[in-house]
Amino acid sequence: MNVGRYIWQRATAAIMLPLVLLHVAVIFYATRQGMTAADILARTRGSIVWASVYGAFVVAAAVHVSIGVRNVLTEWSPLKDRGAGVLANAFGLVLLALGLRAVAAVVL
Amino acid sequence: MAETRGELNVAIWRGAGEGRYQSYRVPLRESQTVLDVVTFVQRHLDPTLSYRFACRVGVCGSCAMTVNGRPRWTCRTHVASVAAGGRLEIGPLANLPVIKDLATDMRAFFEKWQQARGVFAPSKTRHDAIEQIRPDSAARMAADAAIECINCGVCHAACDTVRWNADYLGPAALNRAWSLVNDQRDAGNAARLRAVAASGGCHACHSHQSCQEHCPQALNPTASIAGLKRRTTVAYLKGELKG
């Protein structure tokens, strides 16, 4: 890992931490209020706030994971840094696509 | 010679990468060090045994080996403190190629010092006045904490990241770089920070702290590496690592 990836990984972790706590709080709230899927979708559809919250989380997670997976591959597989980077970035892009698709499904 | 107090069962690695542990019986003596045991084997039982030592008093850093699974400086390790049940297993340092028996090839270790720019870069000539450095300045105190390294390779052998990542500079080289980063007489910090901020540099460290756990000089390379992480992060954000 070089200093640039180090900063990106820490910065994305700092972004994700409050968002994870918010997500857990939302889960507790939704279950304790007995909200149905329709109730939740009624709140999220068309909401710029929820699109921003979960969109930011998905982007941060994709960046964070790709850097971490690259490190794991470098240390635990025969791949060199460059090859590990290609695989890890591809994995990050898959996560990004899946995550943004999920966000789109609840806010659009 | 000190009085014999029994016998030690000693297993010593013989061979290079391919090899095996061979058993010897060595007289147990008072205040005996692990290096004394190895020397006894070489002088009295098997003159073909290869190992490395020089000062015998914990200064030169030549005699580090793996003793009962832990990297140690053998000249300052008393048998009584490590030989549980009168048994000793002595092998070469880990994470370095073995030349023969207990002697490892330290070239990669010292090449990483060079890669980390662990060489003093003078900022003045002999004609300039000697730099005055306050002993209580923050930089001098940080350098002091890192400066007593004897290059024994124990931290390098103990480090998981060195084992996993062939490009990692390792705790000794990075600790040296940190002592120079804090040397106000040094003029090489731009290149040094670039070297330790690259892939395989200080950011590859997982802070497992095996280096400080095993360092015979009780140094804390993990703290030095953390200092480098902070310093390079600031330099990167200020755009000082380009070039």
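Trainee: In what sense do β1(B) and β2(B) pair?
Mentor: β1(B) and β2(B) run antiparallel and share 10 bridges. Strands here are DSSP runs of E with at least two residues, helices are runs of H or I with at least four, and both are numbered from the N terminus. A pair of strands needs at least two DSSP bridges between them. The link from β1(B) to β2(B) is a hairpin of 3 residues, and B:Thr4 has B:Arg29 of β2(B) opposite.

Trainee: Before I go on, what kind of model is this?
Mentor: This is a predicted model, in which local features need pLDDT of at least 70, side-chain atom pairs count only at pLDDT 80 or more, and totals for chains, interfaces and linings use all residues. Residues are numbered from 1 along each chain as its sequence is written, while chains are lettered from A and ligands numbered from 1 in the order in which they are written.

Trainee: And what is the mean pLDDT of chain B?
Mentor: Chain B has a mean pLDDT of 95, with 99% of its residues at 70 or more. pLDDT is the predictor's confidence in each residue, on a scale from 0 to 100. For the complex, the predictor gives an ipTM of 0.80 and a pTM of 0.89.

Trainee: Back to the strands. In what sense does β1(B) pair with β5(B)?
Mentor: That pairing is parallel, over 4 bridges. B:Ile12 stands opposite B:Ile90 of β5(B).

Trainee: How many helices and strands does chain B have?
Mentor: There are 10 helices and 7 strands in chain B. The C-alpha atoms of the chain fill a box of roughly 65 × 40 × 30 Å along the principal axes. Of its 243 residues, 42% are buried. A residue is buried with 20 or more other C-beta atoms within 10 Å of its own, exposed with 12 or fewer, and partly exposed in between, the C-beta atoms being placed from the backbone.

Trainee: Let's look at α1(B). Which of its residues are buried?
Mentor: B:Val34, B:Leu35, B:Val37, B:Val38 and B:Val41 are buried in α1(B). They sit on the same side of the helix, because the arc they cover around its axis is only 165°. That arc is taken over the directions from the helix axis to the C-beta atoms.

Trainee: What do the buried residues of α1(B) pack against?
Mentor: They pack against β1 (4-15), β2 (19-29), β3 (64-67), β4 (70-73), α2 (79-82) and β5 (87-91) of chain B. On the other side of α1(B), B:Arg43 and B:His44 are exposed.

Trainee: What about α3(B)? Which residues are buried there?
Mentor: In α3(B), residues 107-115, the buried ones are B:Phe109, B:Lys112 and B:Trp113. They fall within an arc of 105° seen down the axis, so they line one face of α3(B). Their packing partners are α5 (154-158) and α7 (171-181) of chain B. B:Arg107, B:Glu111 and B:Gln114 are exposed on the other side of α3(B).

Trainee: Where does B:Cys63 lie?
Mentor: B:Cys63 is in the loop between α1 and β3 of chain B. B:Cys63 counts as buried because 25 other C-beta atoms lie within 10 Å. Apart from neighbours within four places in sequence, B:Cys63 has contacts with B:Leu35, B:Arg52, B:Phe53, B:Trp73, B:Thr74 and B:Cys75. Two residues are in contact if their C-beta atoms, placed from the backbone, lie within 7 Å.

Trainee: New topic: which residue has a positive phi although it is not a glycine?
Mentor: B:Asn68 is one of them, with a positive phi of about 45°. Most residues other than glycine have a negative phi. B:Asn68 lies in the loop between β3 and β4 of chain B, and is partly exposed because 16 C-beta neighbours are inside 10 Å. B:Gln209 also has a positive phi, near 70°, and is placed in the loop between α8 (189-197) and α9 (210-214) of chain B.

Trainee: Last one. How many residues of chain A are in contact with chain B?
Mentor: 10 residues of chain A are in contact with 12 residues of chain B. On the chain A side, α1 (3-32) and α3 (48-76) of chain A are the elements that give two or more residues, and α1(A) gives the most, with 4 residues.
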